[in-house]
Amino acid sequence: MKPTLVVLAAGMGSRYGGLKQVDPVGPSGEAILDYSVFDAVRAGFGKIVFVIRRDFEAEFKEKVGSKYEGFVPVEYCYQDINDLPEPYKVPEGRVKPWGTAHATRAARNVVKEPFAVINADDFYGRDAFAKLGAFLSAAKPMELAMVGYKLELTLSENGSVARGICAVAEDGSLEGVTEMTKLVRAGDEAQNLEDPSAPVKVPLDARVSMNLWGFTPELFDELERRFPLWLSENASKEKSEWYIPFVVDELVKEGKATCRVLPTDSRWFGVTYREDKPYVVSEIAKLVESGEYPDNLLKA
């Protein structure tokens, strides 16, 4: 059974000032997302599932989903702030969505096979998808994976970034993820400046999570069990979000899952800041020139 690629795109209208997922970065007008779909298909993925919001459904299907007709099967599901288990209701004044674990949960009724989860606006690289596709093709229930990038290949020259710093055991399994929200390059190391008076040093070769995960469908059962518990503790907090790394960390520490860190030397690109876009365009042009990608991605 071919794995499925689940693309988290429900946040596209609230970041970067619009539909940045359709901003052209490739030589024939390709968006970052087009490269992820292309890499996933050539790595053996058989279907794309987009997690979106209903308020931009028509625009997304027209500008994004329609491009893949005849290239790969596409399905849609919807992240809705009101999609909560009984008896929970959205607290008064809450407008923020519930986070990446909630977005992943939205795919529970359309995904029945091993699957990868990615952000719609990140460039992950061919090697990353190849390694994750190979892992998922042989994964047993609750054998999970995360693609680990070198921190130095994920930093921005235009400001601080948030990254999940991974603790990796000698056998390559994930021991835990520490979220750091203000990482910057500082010479031959990185520093987390959440507390400017006491910066935390981080090696540039530390492995980090860029939200490229591999799961088996049994994960959805765990999400259903854990979401009410999370809501009972966090629903009243106006800006609380339920993140994928939190769930994986719990499963690993409880012995209910294993999570393999798949190291990659792929360079991650993302448009965290508008000033990042020229760099992304330049780097993709180099990959096209080297033969890594065709000039016209979806018509190759």
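User: How many residues does the largest nonpolar core have, and which have the most contacts inside it?
Analyst: This is a predicted model. Its largest nonpolar core has 45 residues, and Leu5, Phe50, Tyr124, Tyr149 and Leu212 have the most contacts inside it.

User: Which helix gives the most to this core?
Analyst: Helix 4, with five residues.

User: And what is Tyr124 in contact with, leaving aside its neighbours within four places in sequence?
Analyst: Its contacts include Ser36, Phe129, Tyr149, Leu212 and Trp268. Ile118, Asn119, Met210, Asn211, Ser266 and Arg267 are also in contact with Tyr124.

User: What does the second core include?
Analyst: That one is separate and has 37 residues, among them Leu8, Ala101, Ala103 and Trp230.

User: Switching to helix 1. Why is it largely enclosed by the rest of the structure?
Analyst: Because nine of its eleven residues, in the run 32-42, are buried. The buried ones are Ile32, Leu33, Asp34, Tyr35, Ser36, Val37, Phe38, Asp39 and Ala40.

User: What covers them?
Analyst: The cover includes strand 1 (4-8), strand 2 (47-52), strand 4 (115-119) and strand 5 (122-123). Helix 4 (126-136) and helix 7 (277-289) are also part of it.

User: Is Cys166 buried or exposed?
Analyst: Buried, with a relative accessible area of 11%. Cys77 is buried too, at 5%.

Conventions:
Residues are numbered from 1 along each chain as its sequence is written. This is a predicted model: local features need pLDDT of at least 70, side-chain atom pairs count only at pLDDT 80 or more; totals for chains, interfaces and linings use all residues. Side-chain values use heavy atoms; hydrogens and water are left out. Buried means under 20% relative accessible area, exposed over 50%, partly exposed in between (1.4 Å probe, protein chains only). Helices (H or I, at least four residues) and strands (E, at least two) are DSSP runs, numbered from the N terminus. Contact means heavy atoms within 4.5 Å. A nonpolar core is a set of buried Ala, Val, Leu, Ile, Met, Phe, Trp, Tyr and Cys residues joined through side-chain atoms within 4.5 Å.
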